[in-house]
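I opened a new page for this structure and will write down what I looked up, entry by entry.

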Number of protein chains: 2
Amino acid sequence: MQLPLNIAAHGSESLQQQITQQIRSLIHDGRLAPGARMPATRELASDLGVSRNTVIAAFQRLVAEGCLESREPVGTFVAQRIIIDRPAPGLAHPAAAVRHDTGAHRPQPRLRLPQHWQAHHVARPHAGQVALDFWVGRPDARLFPLRTWSMLLTRALHSQAHQLCEYGDPQGLLALREAIVSHVGATRGIATDAGRVLITNGIQEGLSLLAQLLIAPGVEVAVEDPCYMGASRVFAAHGAVLAGVPVDEQGMRTQALPRRAALAYVTPSHQYPLGGTLPLTRRRALLAWARECGAYVLEDDYDSDFFYDRAPLLALKSLDEHDQVVYLGTFSKTLGAGLRIGYMVLPRSLCQAAVNAKVMLNNSQSWLEQAALAAFMAEGGYEQHVRRLRRLYAARRDHLRTALAQWLPHWQVQGAGSGMHLVASVPADAAPVHEMERAAHAQGVGIYGVERGNGQLLDVAPEHPWRRIVLLGYASLDEPQISDALLRLRQALA
Amino acid sequence: MQLPLNIAAHGSESLQQQITQQIRSLIHDGRLAPGARMPATRELASDLGVSRNTVIAAFQRLVAEGCLESREPVGTFVAQRIIIDRPAPGLAHPAAAVRHDTGAHRPQPRLRLPQHWQAHHVARPHAGQVALDFWVGRPDARLFPLRTWSMLLTRALHSQAHQLCEYGDPQGLLALREAIVSHVGATRGIATDAGRVLITNGIQEGLSLLAQLLIAPGVEVAVEDPCYMGASRVFAAHGAVLAGVPVDEQGMRTQALPRRAALAYVTPSHQYPLGGTLPLTRRRALLAWARECGAYVLEDDYDSDFFYDRAPLLALKSLDEHDQVVYLGTFSKTLGAGLRIGYMVLPRSLCQAAVNAKVMLNNSQSWLEQAALAAFMAEGGYEQHVRRLRRLYAARRDHLRTALAQWLPHWQVQGAGSGMHLVASVPADAAPVHEMERAAHAQGVGIYGVERGNGQLLDVAPEHPWRRIVLLGYASLDEPQISDALLRLRQALA
């Protein structure tokens, strides 16, 4: 297959940009169909008279956008799940096209989702396939406080069953918001009140509401590079231009923040996916930047209940003198994602708009689990549960670190100071990470590179160091399982 | 206050349009502040040299859009809750403005919500204030199958607790989708499969997802006039141009459907708010229109489990040969809105896009109540519960009709054939409906005109017949309560 590309050697845009844009257009127009196989990079480079690295970089950018899919070692393909912007007539209604293909039917309504609106995948990709899964951000179901929870549900149900039949407060159950105010005050240093808290269906819904409020097409959003894909894809789907800010072992390199961004999205407690904790100097720099640019900062504090080696750094929001930070928290990591309860602590300027947006979106959260959680927190059970998890997860992390040092001594560990996963940099002379993923899978072990683990790397450099890391979520595996997994992993990689 | 309006007597736009647009601009620009009192219509009409009715009609349009609020008898005001499109510097961050008012700070990010993105209110406005509330669409909490539900929750929790700790299927729990397929097949005549069903946080979330997929700014959406405000406001917030199609006692007058619309939103089983059931001829006309225009039809079947006097008309979706109808259902009316479980049956062309949008939005629904509901349906308890409700609600409806005929014989009843509310047209010489609402409230009875009851009337004619109707939701009141309410109502209106 020869692609109809037209590359100008001395154009105002780089060769790589021209290739990227033209292929993207071919896909958008439907001239390259979903699932179509792309030419080999070597061939295309030779056709166009450019270096192969230029083509590789363009392909990688398109893979990152979700336009292409790499299925190594077979080749690169146009993504299957692309949502088309302007369906060909009849495509939106296949039945219609078949029945009345001679008819005078009008153009179908177009789907508005842009090309790159592909979904991330938070559910375990290998559930039921691998015995020992280092999938990231997953708590241990064996530690769920089942008996207490069951009692709390029953109690709420029998004391206030009429709540099942009413629409709840769109901002969230007041008792839960009050419990959250106490919790974030005591553990994260955030002074707020229940009027500033909005209960959401997980942090993901908080991000969606904020994107709806704050992102118009073309708005620049600063994100960590790599960042959490569940966030970056929501921003992109609302038309944001993503400006990647490089990340090192301490999180976002704040001196590289772009001046034009209207928003910055950060994970200061435990950078996703690389695991760094943003130091105080960078936090202050980030807030000063936001102040100067008139930007909001979205602080995603997804697993901040777990600091192991030192007192937890308080939330960025606790330093937020100018009310520019939206704090996003969740119970998915301490209780479970199946509850779908998260929350935001909002700047005063966004409260009313966010609550209105929540009403428009889905009226409110379901009542019962909010009520159980509010009681669990108010009665002290939640803090006790988190303390227990922290102790157990610290032991698992220590065990994993020791096992890695023993069995895979060339892997360098970072990001282990907090959270529920650590990051291992694999040596440059080892196999590529996607091959390791496959080999581990064959031995019943789930490990994940940045992209398989819902990290999005915007920098397309093929030899980028963050392409050589493995994410190891240890919270759901006990010590014997971790030992077993490491032994199998070592065999798989031998 | 004199408004800076500039009205041309012979312009291309009507006087009313000019007034509406110019006032809207003054509000958008912030020249008319939230909460500001508008001049009296008589005064303004005299200033502008136009008839008072023209000014009244312009004000009513702006009230319908959410730009103005009528607080009779005090006057008309700029809406308090308006969300401004372009905040004045410092407004988005009040703290910043105060602290650094000399500073070189940049423009704040703008909020994207348009002016008219005001929230509807599904929670009872007078909860705790009126003893006898005819609030619409509210089931009787005393009839909730509490013991069974509690047992089902406990069973699900103890047999599959690990589901609490995982992200669920974004499309919804398979067992629930399968139960829904059986339910809509048996009761609504819809032939589908679990792959076409998406579980949502109520119908409202389904509408939001569809608006996100299908509505770009300027897209024309045909809605019933009056229609359900929770729908029309979501469409408007996504930039839709609403084309109102008049409604009579049989629902939407389909011969008035506009040719340019890309979508039609309808409530065929029990028109919201007027209560008509769309006859088969109009259903066929609607589908033929959709076929010719290449439009999708959104069928909101919010209370279709309750047909009383004849076999239920099957869903519009059951006639959908060309796969153009999205069917939206809910458990809010048969179990309770506090569960937040609804669903869509999607055309094949929208399935993948809708599931992707759900992932982006909030990953998935919470697990536990989905599991309990799936079991309740699979084991036959749900159908039994609905049959019981249908019998009891029919008796309440009959009782209300009889009581109305006896105590308020001049009120004409319509829309009583199905659903959970009926509609009474009050005589033209009676007090205005908003005064009746207040008088009833003073006697401990909640009754609702079209707009207080979340109906949106797009036609601004001040003497429109649908401004003289009262919505009476009877499902949550038993017969003695209905008698008591009618006696009080009669006293209030005497």
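**Entry 1: a histidine in chain B**

At 11% relative accessibility, B:His126 counts as buried, because the cut-off for buried is under 20%. I note that the model is predicted. I looked up where B:His126 sits, and found it in the loop between α4 (94-99) and β3 (132-133) of chain B. Next I asked which residues B:His126 is in contact with, leaving aside its neighbours within four places in sequence. They are B:His441, B:Tyr448 and B:Arg452.

**Entry 2: chain A as a whole**

I turned to chain A and counted its elements: 14 helices and 17 strands. The C-alpha trace spans about 70 × 65 × 50 Å along the principal axes of the chain. For contacts in chain A with a separation of 6 or more, 73% come from residues 24 or more positions apart. The accessible surface of chain A is about 18,300 Å², and carbon and sulfur atoms hold 51% of that surface.

**Entry 3: strand β5 of chain A**

How many of the six residues of β5(A) are buried? Six of the six are, and this strand, residues 220-225, is mostly covered. I looked up its partners. Strand β7 (residues 241-248) of chain A runs parallel to β5(A), and six bridges join the two. In that pairing A:Asp225 stands opposite A:Pro246. Strand β9 (residues 263-266) of chain A also runs parallel to β5(A), with three bridges between them. Here A:Val223 stands opposite A:Tyr265.

**Entry 4: strand β11 of chain A**

Strand β11 (residues 325-330) of chain A is largely enclosed by the rest of the structure, because six of its six residues are buried. In a regular strand the side chains alternate between the two faces of the sheet. I checked the directions in β11(A): A:Val325, A:Tyr327 and A:Gly329 point one way, and A:Val326, A:Leu328 and A:Thr330 point the other way. All of these residues are buried.

Which way do the partners of this strand run? Strand β10 (residues 296-300) of chain A is joined to β11(A) by four bridges and runs parallel. A:Val297 stands opposite A:Val325 there. Strand β12 (residues 342-345) of chain A is joined to β11(A) by four bridges too, but these two run antiparallel. The bridge partner of A:Gly329 in β12(A) is A:Tyr343.

**Entry 5: aromatic rings**

B:Phe235 lies in helix α8 (residues 229-237) and B:Tyr265 in strand β9 (residues 263-266) of chain B, so the pair ties together parts that are 30 residues apart in sequence. Buried or exposed? B:Phe235 is buried at 0% relative accessibility, and B:Tyr265 is buried with a relative accessible area of 0%.

In chain A I found one aromatic cluster formed by A:Phe144, A:Trp149, A:Tyr327, A:Phe331, A:Tyr343, A:Phe376 and A:Tyr382. A:Tyr327 is a residue of β11(A) from the entry above.

**Entry 6: an arginine over a ring**

A:Arg71 lies over the face of A:Phe77, 4.0 Å from the ring centre. In chain B, B:Arg71 lies over the face of B:Phe77, at 4.1 Å from the ring centre.

Conventions:
Residues are numbered from 1 along each chain as its sequence is written. Chains are lettered from A and ligands numbered from 1 in the order in which they are written. This is a predicted model: local features need pLDDT of at least 70, side-chain atom pairs count only at pLDDT 80 or more; totals for chains, interfaces and linings use all residues. Side-chain values use heavy atoms; hydrogens and water are left out. Buried means under 20% relative accessible area, exposed over 50%, partly exposed in between (1.4 Å probe, protein chains only). Rings of Phe, Tyr and Trp (its six-membered ring) pair if their centres lie within 6.5 Å; planes under 30 degrees apart count as stacked, over 60 as edge-to-face and the rest as tilted. A charge sits over a ring if NZ of Lys or CZ of Arg is within 6 Å of the ring centre and within 35 degrees of the ring normal. Contact means heavy atoms within 4.5 Å. Accessible areas come from the Shrake-Rupley method with a 1.4 Å probe; for residues, only the protein chains shown count as cover. Two strands pair if DSSP finds at least two bridges between them.
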